Every structure is written in structure tokens, then in C-alpha cells.
Amino acid sequence: MRLINNIFCRERSVIMKDYRKLSEAIILNVGGKDNIKDVSHCMTRLRLGLKDESKVNKDELEKLDEVMRVVVIGGQYQVVLGGIVDDVFDETCKLVGDSVVINETQIEENLDNTENSNKKAKPVEKLISLLSGIVSPIIPAMLAAGFITALAKLLVLAGISETNTTIQLLTVAGDVLYGFFPIFIGWSAAKYFGANISIVLMVVGLLVYPNFSNVFSNFESVTFLGLPVTNVYYGSSVLPAILTAFLIAKFEKILRKILPNALRSIFVPFLSALITIPLLIVVIGPIGVWGGELFANLFRSTYELSPILAGAIIGGTWQILIIFGMHIAILGLVSAPNIAMYGRDTIIMTHAPSLICQITAGLAVALKAKDKKIKKNALTLSLTSFFSGNVIEPVMYGVNLKYKKPFIAVCIGGAIGGAITGAAGAGTVAAVAFSLYTFPVYLGVGFGGLLLGCLVGGLVTFVLTYVMGIDEKDV
């Protein structure tokens, strides 16, 4: 037993050294650790905020082993790594230093650098980068909540009564994220903008505090210093929390410059909260909710006009959105709020068949290719994506995008599968990818249509990929 343990430890040590080498190479090719402003990651991507993009050697970065692709959005370099991203992130953080503990001077510098570095980016790119950067840290919680909900439903399918207290508690645990979604967004936004996290959570927490809602129940009209306060449901909102964190960060910066050192520790938190609260409940909150609703209604209106059309559009374009990181912003602004408000999302989940299409395209390449290395790589990456819970970046970047034609087939198959899924009215009660492990959260109305959409979309993709073939000389 000791021998096995020693062997395991040595192998783990070698792997960690490789991750360190990879991290060192990534840091070197983005201009060194002094050029890195912030480091974060999502499920498959190491995300690097940089001070000077001219120092980046993107071509060399993409040639590194284990790096599938490098995506640049609004000055943020997203290094697609797949399942090893957690380990590479840990090693990168060790190499660049402790970025969690930030003193006041560093916060100010980070805010200034963020503004300067984003001046070159287009407004849309900056918005996508901002929303993705804020929603990405919440993705693990969304996954955890989704799997807890899936487990509860799986146990019910196994014969345990829904009234069982264990099932009830698991269900509640899975719903917590959506019940307090603005607070999670506020936490992430506070880190993103460099605001005092506890102050942001206190102010944003007001929006979902039951006693805040009770004020509107007890009085016909509510005012603050004579200004009307609108009764708005904030439980599924996103933008008010983001705007609150942004304002608090700005107010803290201004107050630190105005107030003497002896008064900062007390009056910076107090005044930044006191100034922001009335702005939040009178102006920012209602406008933020309406703005978020406007964005979400673009999708809802299309779905209401025609679920088939909406499914085709979302299913056909979702994999393209993944490349640019826009899918994360949409999940945060539309899918999660839909679940929080209605208990179910029937719109964005129409992308589910496109995940299966990525895998079937990879399998078609494995069957069609003559080169043994290509066959083995396509098969391995397809199975990896499938058994990892439909985390499709490995097969998408390693095969389908690389040879182009398979990715075109994926978009076509995804549109067909999404249209079928939309027509069936399928939905999900958790914002997690459709996979072997999460299918219970998709059970209910339209589940058969979802399976049919995955089957038809996947088959169409497979046939198109096989017929079109690939240029095996592509690199």
C-alpha cells in the first residue's frame, strides 16, 4: 500500500511540475507576470487581464502543449485549457503572487488600469468582457446547484417520495443560488471592480431582504427623502448588483482621496453605502431591472413569437457564442433569471442539442479520417467531452474548429435540434449543460422533444460531417 501511495505521489508531483512549466510558459508569452493585471478562470479557460497587449506573443501561446486556443475579448486573454484549468490556475496564481489580498493603493491602480486597457476595445467587446468576467466566477455555484437538484430528482425517480425531508432539503439547497442571485452577482462584481465586498453585499442584500419588501406591503406609497421608491421584484435581477458594485468602487476611490487617513476606516464604508443605497432603490434598481428585462425580452419575445424560430437561432449560434465567451453573459442575464423567476428556463436551454452535435461531429471525423493520429485524437476528445458532462471545448477546439467543416455541420445540426426542442416546449430547472449526469433537471414537459432534438441534430451533424469530410493536412 505504501509503495502504491509513493508511486501516486511521485506521479502527482510530476504532473504538478508540468502544470508549473505550462503556467510559466503562459506567463512568459503574455509579457511576464508584471504585465498581468488579474487572473481568473471558468470551467475550461484561464482568463488573464493584461496591462499591455503589445507584449503578448499569441502565436507562441497557442503552440503550447495543452493549449487548445486563445480567445481575446475586450483586452482579456482567455486561454482554453479544458479540464486542467483548475491546476494551471493554481500554479499561475503561485507564480504571479497572491492576488486575493489587495491593499487600497492596488485597488485604485487596478481600477485605473482597467479603464486604460479597455479604451482600445470596442464597446460591445468591453460589455461582453465585463459581463463574462462577473458571471464566470459564479459558474461553479451554478453547476453545484444544478447537480444537487439533479440528485434530488434522480432520488425521486428511484422511488423516494418528494415529501421526504431529505429530498426537500436537497431541493432547497439547489434553489438557494437562484433565490439570492443578486447577492452572488454582487460578490463577483465587487471583486471585478475592486470594491469592498462586504459593503457591496450589505447594500445589494437590501434588494432581497424580506423586510424591504414588507415596507411596500405596509404602505400605499413608499418614498425616500420625498423621492418615490418603485416596488420592483429584484430576486432574479443582475444589472442592479453590477451597477451597485461599480458605484461603490468609484465612491470608495473618491472618498479615500478626500478624507484624511484617520477617518478612512470608518467613513469610507459608511458614506459609500449611505450614498449608494438611495441611488440603488430610487434609480439604479428599477432601471437595472428594466434594462435586464429588456435584454431578456429580446429572447423571450422571439420565443413567444415562435419557439421553433428561437430554438433554431439559439441552437445554431450557441457554439459560436461560446468561442467569444458570450454564452456566459447570456446564461447570467437570461437563463438564471428565468429559473429564479419562473422556476424553469425554456429559452436558452434550446442550445442543448448543439452540445451533442459537437460530439457527433468529432465521432464522424474519427470514422472518416484516414490518418490514425487524427482518428485517435477525434475519438479521444469526443469521448472526453461526452463523459465530462458535455464540456465540449476539447472536441470543439481540438477537432471541429480545427478542420472548419465539422463546425459548420455542428451549427446546422444545432439549429435543427434547437428548433425541435423549442417546438416541444422543453425546459430545465437548473443552468447546467445537458448530459448523462444532469438529465433529471430537464425532465418534465417537452423532455421527449429534447431527446428527439438531440438525436436528429446529432445525426444530421454526423452525416454532414462525414459527407463533407476534412482536409487532413489542416493544422
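The points below take up the basis of the model, a sheet, a pair of helices and a cavity.

1. The model is a predicted one, in which local features need pLDDT of at least 70 and side-chain atom pairs count only at pLDDT 80 or more, while totals for chains, interfaces and linings use all residues. Residues are numbered from 1 along each chain as its sequence is written, and side-chain values use heavy atoms, with hydrogens and water left out.

2. An open sheet of 4 strands runs in the order β1-β2-β4-β3 with antiparallel pairing, where strands (E, at least two residues) and helices (H or I, at least four) are DSSP runs numbered from the N terminus, and two strands pair if DSSP finds at least two bridges between them. Its edge strands, each pairing on one side only, are β1 (36–41) and β3 (69–73), and the twist averages 20 degrees from one strand to the next.

3. Between β1 and β2 (residues 45–50) the antiparallel pairing extends over 5 bridges, and Ile 36 has Leu 50 of β2 as its bridge partner. Helix α17 (residues 393–403) lies across β2, β3 and β4 (76–80), and runs at about 105 degrees to β3.

4. Helices α12 (residues 261–305) and α13 (residues 307–323) pack at an angle of about 130 degrees, with their axes 5 Å apart; axes are lines fitted to C-alpha atoms, for helices over the stretch in contact, and angles run from 0 to 180 degrees between N-to-C directions. The two helices are therefore oblique to each other, given that angles under 35 degrees count as roughly parallel, over 145 as roughly antiparallel, 65 to 115 as roughly perpendicular and the rest as oblique.

5. Which residues make the contact of α12 with α13? On α12 they are Phe 299, Thr 302, Tyr 303 and Leu 305, and on α13 they are Pro 307, Leu 309, Ala 310, Ile 313 and Ile 314, contact meaning heavy atoms within 4.5 Å. By class, this contact has 8 nonpolar, 1 polar and no charged residues (Ala, Val, Leu, Ile, Met, Phe, Trp, Tyr, Cys and Pro count as nonpolar, Asp, Glu, Lys and Arg as charged, and the others, Gly among them, as polar).

6. The structure holds 1 cavity of 30 Å³ or more, a cavity being a set of points on a 1 Å grid over the protein atoms alone where a 1.4 Å probe fits but cannot get out, with lining residues having an atom within 4 Å of a point. The largest cavity is lined by 15 residues, of which Ser 236, Ser 237, Val 289, Gly 292 and Glu 293 lie nearest its centre, and α12 gives the largest share of the lining, 6 residues.

Methods
On a 1 Å grid over the protein atoms alone, a cavity is a set of points where a 1.4 Å probe fits but cannot get out, and a pocket is an open set with protein on both sides within 12 Å along at least five of seven lines; lining residues have an atom within 4 Å of a point. Grid points are joined across faces, edges and corners, and a volume is the space filled by probe spheres set on the points.
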